[in-house]
Amino acid sequence: MKSILIALLCFCGSAHAANSFYIEAAGGLTYFHQYKKDNARWYQDAYPWTAGLKSPAWRIGLGRKIDKHWDLTLSWLEIGRNSVVSLAVLDQDYDPIAHSCIRNCDKPTRLVVNGSGHGPEIAWRRSFGMPYVRGGVFLWFTKLQAHYETHDGTRGTFYQEPDIMIAPFLGVGARYKWKPIELFTEVTYYHGLGSGGYPIAKRATVPMVGARFEF
């Protein structure tokens, strides 16, 4: 992994006194934005359901300072976990337009779905003194694990195969420089594009605090 990070960062050009490498680490919370609507795979509004859309998140990366304004970082981001717990009947027994069950309504199945996401991100950062903006692309690998429990106690498990979204992102932050350490706080919005699977969320807002160490 380290060799990949270094190879991707070296396109910035040969090193000179103004350029320096750094490592950074940050942690925070992810607030997922659920995008599925009624009867879209994981819940039906006619029955009770709850969603867990907040999760710890962390990021660690290697970067290069290009000049006093610009730098580039390649990181690994664990964007966190989300979940939906619901009661539901079969799709053919449910009317998503009227938001109501039409048959076999007294025997709903309990469905528990857990999702996770992580992947590499590449970010450009432009500093304006203490404030800064950051943007780039996150390769968002998602995976779902689900099981159902019927009214008679039958339990079954199935998995949605791992899927990938491309998520451009944009964030704002503030930094405090205390050489060779920099402390920062930021908020970043991720917008997932694509995905042929059924992720619980394709968008997320992630506030973080972190530190950099130059070498």
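Which residues form a nonpolar patch on the surface?

## Surface patch

I23, M130, Y176, W178, I181, L183, F213 and F215 form this patch, and together they have about 880 Å² of accessible area, an area computed by the Shrake-Rupley method with a 1.4 Å probe, with only the protein chains shown counting as cover for residues. A patch of this kind is made of residues with over 30% relative accessible area and no salt bridge, its nonpolar side chains (Val, Leu, Ile, Met, Phe, Trp, Tyr) being joined within 5 Å; a salt bridge is a side-chain nitrogen of Lys or Arg within 4 Å of a carboxyl oxygen of Asp or Glu.

Strands β9 and β10 each supply at least two residues of the patch, and I181 is found in β10. Because its relative accessibility is 32%, I181 counts as partly exposed, the class between buried (under 20% relative accessible area) and exposed (over 50%), with a 1.4 Å probe and protein chains only.

## Basis of the model

The model is predicted, so that local features need pLDDT of at least 70 and side-chain atom pairs count only at pLDDT 80 or more, while totals for chains, interfaces and linings use all residues. Residues are numbered from 1 along each chain as its sequence is written, and side-chain values use heavy atoms, with hydrogens and water left out.

## Strand pairing around β4

Strands here are DSSP runs (E, at least two residues) numbered from the N terminus, and two of them pair if DSSP finds at least two bridges between them. Strand β4 (residues 70-88) pairs in the antiparallel sense with β2 (residues 49-52) over 4 bridges, and within this pairing T50 stands opposite V85. Strand β3 (residues 54-65) is also antiparallel to β4, over 8 bridges, with E78 as the bridge partner of W58; a hairpin of 4 residues joins β3 to β4.

Between β4 and β7 (residues 109-127), which run antiparallel, there are 18 bridges, and V84 stands opposite V113 in β7.

## Nonpolar cores

A nonpolar core is a set of buried Ala, Val, Leu, Ile, Met, Phe, Trp, Tyr and Cys residues joined through side-chain atoms within 4.5 Å. The largest has 18 residues, of which I79, F138, W140, Y190 and V206 touch the most other members. Strands β1, β4, β8, β9, β10 and β11 each supply at least two residues of this core, and the largest share, 4 residues, comes from β11.

Leaving aside neighbours within four places in sequence, Y190 is in contact (heavy atoms within 4.5 Å) with residues including L77, I79, F138, W140 and V206. A second, separate core has 8 residues, among them V113, L144, A146 and I200.

Conventions: Patch = residues over 30% accessible without salt bridge, like charges linked within 9 Å, V, L, I, M, F, W, Y side chains within 5 Å.
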